[in-house]
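Student: Could we go through this model together, one feature at a time? I would like to learn how each term is defined before it is applied.

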Amino acid sequence: MLWLKAFHVIFMVTWFAGLFYLPRLYVYHSVTADEPGKQRFRVMERKLFVMMTVGATLTAVFGVAMLIAAPGYMKLPWMHAKLTLVIALLAYHIWCYRLLAAFRQDANQHSERWYRLFNEVPSLLLIAIVILVIVKPM
Ligand code: HEM
């Protein structure tokens, strides 16, 4: 169980590195006008997205493995709240992919300021999820 938890947290950090940095790349990409600059961002975004998708997958694999090893967790309200927020995080991840696809086709529709606000969402989800799993307030 402790090994599963250790790898769960390790891959969660990998996932969040991408969730924090990819939207930050979008902030700079959205104000880049020259074609070589845009192309460089596209390559960085694609590689980062692959890395964070590996992180997301392995976080989920080790998380689900813990639930299988200790099914009693599913009776606890904080785990239900946590999994609801994880679904929101996965939706954010998919949204990141859609934005990446728009940038790839040079069809971005959002401003730099919009990306700065979008970039704050994973921080809020991280704070809420960590409080739920550590403090277990419910
Ligand atoms: C499919 C997704 C996930 C599942 C099924 C899952 C499941 C679990 C389970 C069963 C535990 C053990 C809880 C305990 O011992 O108290 C755990 C621990 C933990 N999870 Fe997740 N989790 C998922 C995603 C996440 C995400 C996205 C984060 C971060 C934002 C996260 C952060 C943590 C942390 C920090 C711990 C360690 C808590 C401690 O120190 O005891 N998990 N997770």
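Student: What is the handedness of the crossing of α1 and α2?

Tutor: A crossing is called left-handed if the near helix is turned anticlockwise from the far one by less than a right angle, and right-handed if clockwise. By that convention α1 and α2 cross in the left-handed sense. The contact of α1 with α2 involves 23 nonpolar, seven polar and four charged residues, where Ala, Val, Leu, Ile, Met, Phe, Trp, Tyr, Cys and Pro count as nonpolar, Asp, Glu, Lys and Arg as charged, and the others, Gly among them, as polar.

Student: What kind of model is this, and how are its residues numbered?

Tutor: It is a predicted model, in which local features need pLDDT of at least 70 and side-chain atom pairs count only at pLDDT 80 or more, while totals for chains, interfaces and linings use all residues. Residues are numbered from 1 along each chain as its sequence is written, and side-chain values use heavy atoms, with hydrogens and water left out.

Student: At what angle do the axes of α1 and α2 cross?

Tutor: Axes are lines fitted to C-alpha atoms, for helices over the stretch in contact, and angles run from 0 to 180 degrees between N-to-C directions; the helices themselves are DSSP runs (H or I, at least four residues), as strands are (E, at least two), numbered from the N terminus. For helix α1 (residues 2-29) and helix α2 (residues 35-69), the axes come within 7 Å and cross at roughly 155°. Angles under 35 degrees count as roughly parallel, over 145 as roughly antiparallel, 65 to 115 as roughly perpendicular and the rest as oblique. α1 and α2 are therefore roughly antiparallel to each other.

Student: How do α3 and α1 each cross α5?

Tutor: The axes of α3 and helix α5 (residues 121-135) come within 9 Å, crossing at roughly 160°, and α3 and α5 are therefore roughly antiparallel. The axes of α1 and α5 also come within 9 Å, with a crossing at roughly 150°, and this pair is therefore roughly antiparallel as well. In each case the crossing is left-handed, both where α3 passes α5 and where α1 passes α5.

Student: How many helices and strands does the chain have?

Tutor: The chain has five helices and zero strands, which gives the pattern α-α-α-α-α when read along the sequence. Taken along the principal axes, its C-alpha atoms fill a box of roughly 55 × 25 × 20 Å.

Student: Which protein donors does the iron atom of the ligand have?

Tutor: Donors are N, O and S atoms within 2.8 Å of the metal (3.2 Å for Na, K and Ca), and water is not among the atoms, so sites may look incomplete. Here the protein donors are H8 through NE2 and K82 through NZ, lying 1.7 to 2.0 Å from the iron atom. H8 belongs to helix α1 and K82 to helix α3 (residues 77-104), so that the pair links distant parts of the chain, 74 residues apart.

Student: What is the geometry of that iron site?

Tutor: Four donors count as tetrahedral if all angles lie between 85 and 135 degrees; four count as square planar and six as octahedral if opposite donors are over 155 degrees apart and all others between 65 and 115; anything else is irregular. The site of the iron atom has six donor atoms with angles of 87 to 178° among them, and is octahedral.

Student: Are H8 and K82 buried or exposed?

Tutor: Buried means under 20% relative accessible area, exposed over 50%, and partly exposed in between (1.4 Å probe, protein chains only). Both H8 and K82 are buried, and buried residues make up 34% of the 138 residues in the chain.

Student: Which residues other than glycine have a positive phi?

Tutor: Among them is D106, with a phi of about 55°, in the loop between α3 and α4 (112-118); D106 is partly exposed, with a relative accessible area of 47%. K136 is another, with phi near 45°, in the segment after α5, and K136 is partly exposed with a relative accessible area of 41%.
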